[in-house]
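Please open the model in your viewer and keep the sequence panel beside it. The tour below goes from one selection to the next and says what is found at each stop.

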Amino acid sequence: MGGPKTGADELEQWLEATDTDGINLTHVVSPGSFIDFSAHVVPELRKRGRIREDVGPSLRSRLFGRDSRVPADHPAAQHAFSQVRRPEALAS
């Protein structure tokens, strides 16, 4: 794919050509692909205004006005992380 600027250029061209406002990523090497993308391409896209610095509240909290975490008695709660894992924490 090239370096961060090349990757950001390609994504911007694709987003403009398709009038799309978001992307879905797939991995080639797990978890390395996501870590590399987050560490190198995301900062470049942020510089260009394609990704916001502060994403704000979750959709769940905006829609329902409550904490974005799944309630403790919900089946999905067993899969929740105790804290959010940031890309730089995964790389170390």
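Begin by selecting Glu 44, which is buried, with a relative accessible area of 10%; buried means under 20% relative accessible area, exposed over 50%, and partly exposed in between, with a 1.4 Å probe and protein chains only. The residue belongs to helix 2, and when its neighbours within four places in sequence are left aside, Glu 44 is in contact with Pro 4, Lys 5 and Ala 8, where contact means heavy atoms within 4.5 Å.

Before going further, note that this is a predicted model, in which local features need pLDDT of at least 70 and side-chain atom pairs count only at pLDDT 80 or more, while totals for chains, interfaces and linings use all residues. Residues are numbered from 1 along each chain as its sequence is written, and side-chain values use heavy atoms, with hydrogens and water left out.

Next, select helix 1 (residues 4-18) together with helix 2 (residues 32-47), which pack at an angle of about 60° with their axes 8 Å apart. Axes here are lines fitted to C-alpha atoms, for helices over the stretch in contact, and angles run from 0 to 180 degrees between N-to-C directions. Helix 1 and helix 2 are therefore oblique to each other, since angles under 35 degrees count as roughly parallel, over 145 as roughly antiparallel, 65 to 115 as roughly perpendicular and the rest as oblique. To see the contact itself, show Pro 4, Lys 5, Gly 7, Ala 8 and Leu 11 of helix 1 with Phe 37, His 40, Val 41, Glu 44 and Leu 45 of helix 2.

Now zoom out to the protein chain, which has four helices and zero strands; these are DSSP runs numbered from the N terminus, helices being H or I with at least four residues and strands E with at least two. Buried residues make up 12% of the 92 residues in the chain.

For a contrasting stop, select Arg 69, in the loop between helix 3 (59-64) and helix 4, which counts as exposed at 63% relative accessibility. Arg 69 and Ser 58 are eleven residues apart in sequence and 9.4 Å apart in space, C-alpha to C-alpha.

Finally, colour the chain by pLDDT, the predictor's confidence in each residue, from 0 to 100. The chain averages 79, and 79% of the residues score at least 70. Confidence is highest in helix 1, at 92, and lowest in helix 4 (residues 87-91), at a mean of 51. Where pLDDT is low, the predicted coordinates should not be read in detail.
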